Amino acid sequence: MAQTILHRAETRGHASHGWLNSYHTFSFANYYNPERMNFGALRVLNDDTVDAGMGFGTHPHDNMEIISIPLEGDLEHKDSMNNVAVIKNGDIQAMSAGTGIYHSEYNKDRQHRVKFLQIWVYPDKRNVEPRYDQITLKADDRHNKLQQILSPNPNDQGVWIHQNAWFHLGRFDKGVSASYEVKGKGNGVYVFVLSGDVKINDQQLHTRDGFGIWDTDTFTIAAESDAEFLLMEVPMKF
Amino acid sequence: MMNKTQILVICRHAEILQTIIRLVNNNPEWECTGANTDQQAIDAFNGNAFDLVLLGSGIEPSSEENLVAFFRNSRPRISIVQHYGGGSGLLSAEIYQGLSQKTL
């Protein structure tokens, strides 16, 4: 029988640093809740808003698969592998921090804020060679269907990471539903609602709610209003 | 004077090690000692009563196995935690979790 966990939007951790407003689904920085440490290999789900002209200065990472998805505005990325790129709304960026990497992320726009999701997944092996990847997604490919945006396979759709994980985006009109088939044995799926109202099996979810489901091979996601959502399938044991 | 929680961090990446030390020491209740090499880690462990060991990046599997065995043989109740993220937002939670496991 499927097991589930519900994280309502208003129960997330919150940090306001002036230029950065961040909601943490799981324990992060000064938000520590032993009941909210991770969902399987999914360790961080930060819902960040960065003020115009502000950003994260150069800082290190290691041994983590870091995925950034801009929801509004553009974010400039620079790293110690000499990558300089702008991640725009509609893009997805994946970075394997591995043995160690430095990077910065700035909102170069002087007038508009940036909203983006920063997602960290534990890697399936430590100390890999750092790598960076970024692609532009076609918005039409998730209209009333599930669009794969991440997988463990370099030759599959979307970006890839060092973990047996698959991410999908959906933008469903009211009344549309779809079945999701879990791809990896022992995997669970964490659903994060970007906007609107959806129902996972019998569980109603609203904007920015999170819902984990595991010990099942399939579930149904139905839009009860026009809705956008992100599905993150990850190993529950890793 | 308050006794600070003593934390040993082992990390092969020198700059990330310095970042982790700085971040740990930002908490006035914690005191961090860093080690780049196995020998530095063993020497530090022998000279201090650490409450927690954080294993950072770049430690070869054989070194990690040997170090963990040495720490456990020396102090069976020592809490040993894998650090992920490189001095990131996970650091505090990892330390809190490690310390809570130590008191079980």
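A residue counts as buried if 20 or more other C-beta atoms lie within 10 Å of its own, as exposed if 12 or fewer do, and as partly exposed in between, with C-beta atoms placed from the backbone. That term returns throughout the notes below.

1. **What you are looking at.** This is a predicted model, in which local features need pLDDT of at least 70 and side-chain atom pairs count only at pLDDT 80 or more, while totals for chains, interfaces and linings use all residues. Residues are numbered from 1 along each chain as its sequence is written, and chains are lettered from A and ligands numbered from 1 in the order in which they are written.

2. **Chain A as a whole.** Chain A has zero helices and 22 strands; helices (H or I, at least four residues) and strands (E, at least two) are DSSP runs, numbered from the N terminus. Its radius of gyration is 17 Å, close to the 18 Å that the globule rule gives for 238 residues, so chain A is as compact as a globular protein of that length. That radius is taken over C-alpha atoms, and the rule is 2.2 Å times the number of residues to the power 0.38. The C-alpha trace spans about 45 × 40 × 35 Å along its principal axes.

3. **Burial and contacts.** Of the 238 residues in chain A, 45% are buried. Two residues are in contact if their C-beta atoms, placed from the backbone, lie within 7 Å. Among the contacts in chain A with a separation of 6 or more, 71% are between residues 24 or more positions apart.

4. **Two domains.** Chain A is divided into domain 1 (13-136) and domain 2 (139-235), with bounds that come from an automatic or database domain assignment. Taken over C-alpha atoms, the centres of the two domains are 20 Å apart. Where they meet, 22 residues of domain 1 are in contact with 21 residues of domain 2. Strands S4 (42-50), S6 (65-72), S9 (91-96) and S12 (131-136) each give two or more residues to the domain 1 side. By class, that side has 13 nonpolar, four polar and five charged residues. Here Ala, Val, Leu, Ile, Met, Phe, Trp, Tyr, Cys and Pro count as nonpolar, Asp, Glu, Lys and Arg as charged, and the others, Gly among them, as polar.

5. **A closer look at S6.** Six of the eight residues of S6(A) are buried, so this strand is largely enclosed by the rest of the structure. S6(A) pairs with S9(A) in the antiparallel sense over four bridges; two strands pair if DSSP finds at least two bridges between them. Ser68(A) has Gln93(A) in S9(A) as its bridge partner. S6(A) also pairs with S11(A), antiparallel over seven bridges, and there Glu72(A) stands opposite Lys115(A).

6. **The seven-stranded sheet.** An open sheet of mixed pairing runs in the order S1-S20-S17-S22-S15-S13-S14 in chain A. Its edge strands are S1 (3-7) and S14 (159-160), each of which pairs on one side only. Inside this order, S17 (residues 187-195) and S22 (residues 227-235) run antiparallel and are joined by eight bridges. Asn187(A) stands opposite Pro235(A) in S22(A).

7. **Gly170 in that sheet.** Gly170(A) sits in strand S15 (residues 166-172). This glycine is buried because 23 other C-beta atoms lie within 10 Å. Not counting residues up to four places away in sequence, Gly170(A) touches Arg142(A), Leu146(A), Gln147(A), Glu228(A) and Phe229(A).

8. **The core and chain B.** The largest nonpolar core has 84 residues, and Val121(A), Leu150(A), Val191(A) and Ile7(B) are among those with the most contacts inside it. Such a core is a set of buried Ala, Val, Leu, Ile, Met, Phe, Trp, Tyr and Cys residues joined through C-beta atoms within 7 Å. Both domains of chain A give residues to this core, so it lies between them. Between the chains, 18 residues of chain A are in contact with 18 residues of chain B; the chain A side has 10 nonpolar, six polar and two charged residues.

9. **Two asparagines to check.** Asn127(A) has a positive phi of about 65° although it is not a glycine, and lies in the loop between S11 (114-121) and S12. Asn144(A) has a positive phi near 60°, and its place is in the loop between S12 and S13 (146-151). Asn127(A) is partly exposed, with 17 other C-beta atoms within 10 Å, and Asn144(A) is partly exposed with 14.
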